[in-house]
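Reader: Please take a close look at a single chain here. I would like its strands and helices described, with the cut-offs behind each term.

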Amino acid sequence: MITFLSVCTIRQLPQALALGESLQRHHPTDSFVIGLCDDISQLPTGFQLPFPLISMNDLVIPDLEQLSQQYTPAEFEAACKPFFISHLYQSQPQSDWLVYLDPSVYLYQPLTDLYTRYSDAALLLTPHLLKPLTDQAFPDEKYLQNIGLYSSGFIALKRSDEAARFLGWWGQRVPERAFARPCEGMYTDQIWLALTPGLFDGVTIVKNPGWHLGLWNLHERLITEETPAVFFNYKGLADQEGYFQAQDRVRISSYPSIKKRLQAYQDRVRHFDKAGLANPLSAVVPAYGRQPFKPPVKGWRRKAVATLRQTVQFIETVDVPRKM
Amino acid sequence: MTLAFTICSINYLAQARTLGDSLRQTNPDWQYVIGLVDKLDQANLPASLLPDYPMLEIDQIEIEDFAGMCDRYDITELNTAVKPFYIDYFFKHNPEATEVIYFDPDIIVFQPLTRLKQHLGEYNLVVTPHICQPINDWLIPNELNHLNTGTFNLGFIGLQKTEESNRFVQWWKKRLVNECRIDLCNGLFVDQHWVNFAPIYYDKVWIEKHPGYNAAYWNLHERHFSEQNGVWRVNETADLQFFHYSGYGIHKPKEISKYQNRFTFEQRPDVVALFDLYRQRLLDNQNETYRNYPCFYIKPPKTLYYQSIRKSLKSPINTLISALENR
């Protein structure tokens, strides 16, 4: 049996519910659990969650207040993610796979490979990119080195000693070091995954181009009948989340079939957002993560800043001989 | 035929010879070449200092923009940036070399590398992770340092000559022409950080976790050494294949490496003899003479004049940058 898990704030619940709907369709006999990384008392009155829930009250998070104080909302969620995954891993011994998915994921095909191709793996990782970049657009490979080559929007754990060892290791590191600080080698819960192929046995890199499509890799994923889209992450497309908000490679209008899927997805999210409530879920401000998020500089501003920085560097380093 | 090579300048020829001697002893059927980032006709080495191994000078391997690279890079960056260019050269010009293996010059090989040879029959690339067991402290180097500088150590890489590994080499070359800098905030650490992409972009990349491979200061926390009947063993379970004396200098014999602060020789008596052995071999190979030769490609340090003019030119641009960044 597979247990699926997503971790989200109340604001992201409509997306998690859409994900749950897609999981019920493609994995009707498996279970889906939502980890609510938010203040559960902020849920609108009368709201009924159709899936089992793990709340912050179920977890033992040392220094919760301190973590909330030091992180942005996204960093805070990343810091708490390993607690949710470990909690579920321990409380569901009957499930042989535990699959974490971002709330912004939507499934289009069942993950049948888990029981065939990947049956011997301990930990599955999906790289952001599968092929070298050939253009000058943003993000480039250097940027990915800073934020992590493997996306933490998907992690599949096969119940095994190695998976348990990974969770222990990750859970010890991430909560205190989930800052987005590339100069110090840190980037949320995600960059840590880069060490796992060396540290753990059975770490398997998923190279199926239908897995984990997103804003960052549409340019290299040709979706056909032979390689259908298995799951899509609408992060940064249907919300203002993620690390690719400043990307200038992919224009969704160039991908009409994906645009159609995005619109259908947004309809489902809107449906769950209202769901007969007086106030939409998306209006609830996250309770944790008090550091303000500084949105990345985008578009022409980003290009202008890059050119100006080059000019500054030139002024700093150009060799001007001294007049005799 | 297997071709092993290293890259260094004349000042490191004692190391390159020590590596070559160890290979000749342990893997006598391999060819060994020293890639020399220096100019022999300028250095005028006396015959007594010419190594017993073929040397291939950097200006002989047809690097398209070598002048530009010399201009952009300091000596560490330059010496690492040319690695895939040498591999590419061997792939093209040494058709008998079916496997090409790079070793940093400060390595000693202790065993016939039969396991490596076997893997290179089956895989395109063989790389070694810095760490195979977690590091549970935050001394240097720690896990964050490895995340910043690359998870695999590029003091070693083995390649089987295949189309796939050639694709890897071409990609790596392209990146290193302009971006072999040390710039951690921008995701760059010489040639090494790039190789994180190798197992993702390319098929059949073997991640070698055998504890006898590329043993060095960064994995001492997981490896203990002992000698039994003249054979060095790791964790009493495996034979030491090759040791990487990175950051060790015979003029600082009390330091395991200038790049680490986790262990002293007092704490690690098990490695003392390994380093004594290395120190002696370097001295025997005339380290004290070689080290005085300056590298032909080292640029004289630039003195930047007119600092106050530079400052006043920069200041309005920086104001504009912060206005753009903060709206």
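Author: Two strands count as paired if DSSP finds at least two bridges between them; strands (E, at least two residues) and helices (H or I, at least four) are DSSP runs, numbered from the N terminus. This is a predicted model, in which local features need pLDDT of at least 70 and side-chain atom pairs count only at pLDDT 80 or more, while totals for chains, interfaces and linings use all residues. Residues are numbered from 1 along each chain as its sequence is written, and chains are lettered from A and ligands numbered from 1 in the order in which they are written.

In chain A, three strands make an open sheet of mixed pairing, ordered E5-E12-E11. Strand E5 (105-107) and strand E11 (213-214) of chain A each have a single partner strand and stand at the edges, so one side of each lacks a neighbour in the sheet. E5(A) runs antiparallel to strand E12 (residues 231-233) of chain A, and three bridges join them. A:Val105 faces A:Asn233 of E12(A).

Next, the helices. Helix H1 (residues 13-26) and helix H7 (residues 256-274) of chain A pack at about 115°, their axes 8 Å apart. Axes are lines fitted to C-alpha atoms over the stretch in contact, with angles from 0 to 180 degrees between N-to-C directions. Contact requires C-beta atoms, placed from the backbone, within 7 Å. On H1(A), the residues that meet H7(A) include A:Leu17 and A:Glu21; those of H7(A) include A:Tyr265 and A:Arg268.

How values were computed:
Two residues are in contact if their C-beta atoms, placed from the backbone, lie within 7 Å.
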